[in-house]
Every structure is written in structure tokens, then in C-alpha cells.
Amino acid sequence: MIAINSKTEGLIEWLTLVGEVDASSSIELDKAMEASLKNGTKKLLVNCEGLEYISSAGLGVFMSYLEPFRKSGVRMVIYGLNDKVMNVFSILGLDELIKIATNQEDAQTVIDQA
Amino acid sequence: MPKPSLIKHSYKVSCAKDKLREIRIFVENSLKDHVPSEVDRANIIMAIDEVCANLIIHSNNCDPDKNFEVIIEVEKDKEIIFQIVDQGVGFNLERYREPDLKYLMAEQRKGGMGLMFVVRVMDDVKFTTRSKKNICRLVKRLNGQ
């Protein structure tokens, strides 16, 4: 349902999400985020170009790591959201709390400025 | 006697989280001829997914031996009425207060946004319990589609 691929270069990690995150698969996203926190990642770029759907269970995973990331000095930017997924972030107001970029290049700029 | 313009779809499914995808496909297929905007359709599908996930997890404790039903009635060019019917623990919407996102963030809470989304997307949301049967009734008006 969701395939998550992680690539790390030093303190930078790219997480690529492909598929759908719902109440049955959000645990996979949770595990990946927990691993990022434990692995000492300082810049986390989440590629959502292949993310077709995310329910509140998946959004809740992103939200639940904002505070631990802040305390550990981890910067996170998610990018490449399709219109449907971006709309969900806007309806809930998550675009005010989570850094969102349009594409990888933009994400790189945003994370360097964060 | 049903109204001539009323189209009805229903789907009965067990209370297991891995059924959520099937339900989303059922809702998508039921809506595609009536909600042309892909974004609007996606919002409605997610709202139904949120109600079904809550019902499976909180009302029925993910018991696959229990079933629930999703009924969709489309009154063409007017409104879509969704009824999600189960026999688990009922929910009282009157006690619901929309959580503050900053509170959820500070408390590292993963839950709390599903119903918030449902209430923001749907035009009417009601939960009723009668004769041990819970009905979540959601209305989405089609004006301006």
C-alpha cells in the first residue's frame, strides 16, 4: 500500500513515499520517521511525488514528529505533493505548521534556509 | 417510492483496517459521474475513509467478525447522502470539540484530525443510535459543482 525508500548522505536523508498512507499503513511511515530521528538525521527531505493519498492517520504521524524533530534539531521539508494531497494539508491548516516545497530543488533551498 | 433521480449504492464490509482501500474504491466509483472535480471527489472519499477508520478502530475494536455498511444515495445535481451503519459503540458528536493543532503537535498526538476533516468537508454530519444500530449520516451538497 505504501512503499518507503530511504537514502542517507551524511546528515541528510531523503524519504520517498509511493502509494497510499491510511489507517492500516501509517505504521510504516511512523517506523521510517522514528528511524530518521534515531539515525541522527539533521535534514529530512520527504519526497511525496508518488504519494497518491494520505489520511489523517498519516498526517498525524507527520504532526507527532514535529516536536521531537524540533528538540533534536532535525529540519523536515516535504515536497512534490499532488493537488489532492496539498488540498488536504490546506483544509486542516497543516501547511502552516509543516514546511512544504513544490519540488526537490525548492525543498533543498527551503531546508538550507530553515 | 424512491425519487426517480435517486441513485443508490451500498457496500457491506468487515471491520478490518485493510478493507479501507476497498471502501475508498467503492466511494470513488459511486461518485465519479456526479462529482467532476477530482479534488472535491478526493475530499469526500477521505471524509468517508476517516469515518470508516474511526468506526473500525474505536467502535468495533478491529474485529473482522463484525460488519458495517456504507450506503450512498445520490440525488442528481442536488446532494449526496452517505450513511455508515454499524452495531459497535456509538459516538456522540455533541461532546466533540475540535482540537487545537498546536496542542496535538506539542502532545505528539497522532489522532484527532480525522473528524476535524469530516466536519470541514461535509455540509452536514449527524451520528444517531437506534435499536443498537449506529448511523453516521453525512451530506454533501452538489451546488456549484
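The model is predicted. In chain A, an open sheet of 5 strands is arranged in the order β1-β2-β3-β4-β5, and its pairing is mixed. Chain A also meets chain B, with 24 residues of chain A in contact with 27 residues of chain B.

**The sheet as a whole**

- Strands of a sheet pair through backbone hydrogen bonds, and the pairing can be parallel or antiparallel.
- The edges of the sheet are formed by β1 (2-9) and β5 (99-101) of chain A; each has a single partner strand, so one side of each is left without a neighbour in the sheet.
- On average, neighbouring strands of this sheet are turned by 20 degrees against each other, with direction ignored.
- Helix α1(A) packs on the sheet, where α1(A) touches β1, β2 and β3 of chain A. The direction of α1(A) makes about 10 degrees with that of β1(A).

**From β2 to β3 in chain A**

- Strand β2 (residues 12-21) and strand β3 (residues 43-54) of chain A run parallel and are joined by 9 bridges.
- Within this pair, A:V18 stands opposite A:G50, a residue of β3(A).

**From β3 to β4 in chain A**

- The pairing of β3(A) with strand β4 (residues 75-79) of chain A is parallel and comprises 5 bridges.
- A:L44 has A:M76 in β4(A) as its bridge partner.
- For A:V46, the bridge partner in β4(A) is A:I78.

**The contact between chains A and B**

- The contact involves 24 residues of chain A and 27 residues of chain B.
- On the side of chain A that touches chain B, α2 (56-72) and α3 (83-92) of chain A each supply at least two residues.
- Helix α2(A) provides the largest share of that side, namely 10 residues.
- By residue class, the side of chain A that touches chain B consists of 12 nonpolar, 7 polar and 5 charged residues.

Definitions and conventions. Residues numbered from 1 in each chain as written. Chains lettered and ligands numbered in written order. Predicted model: local features only at pLDDT ≥ 70, side-chain atom pairs only at ≥ 80, totals over all residues. Contact = placed C-beta atoms within 7 Å. Helix = DSSP H or I, 4+ residues; strand = E, 2+ residues; numbered from the N terminus. Nonpolar A, V, L, I, M, F, W, Y, C, P; charged D, E, K, R; others polar. Pairing = 2+ DSSP bridges. Axes fitted to C-alpha atoms, helices over the stretch in contact; angles between N-to-C directions.
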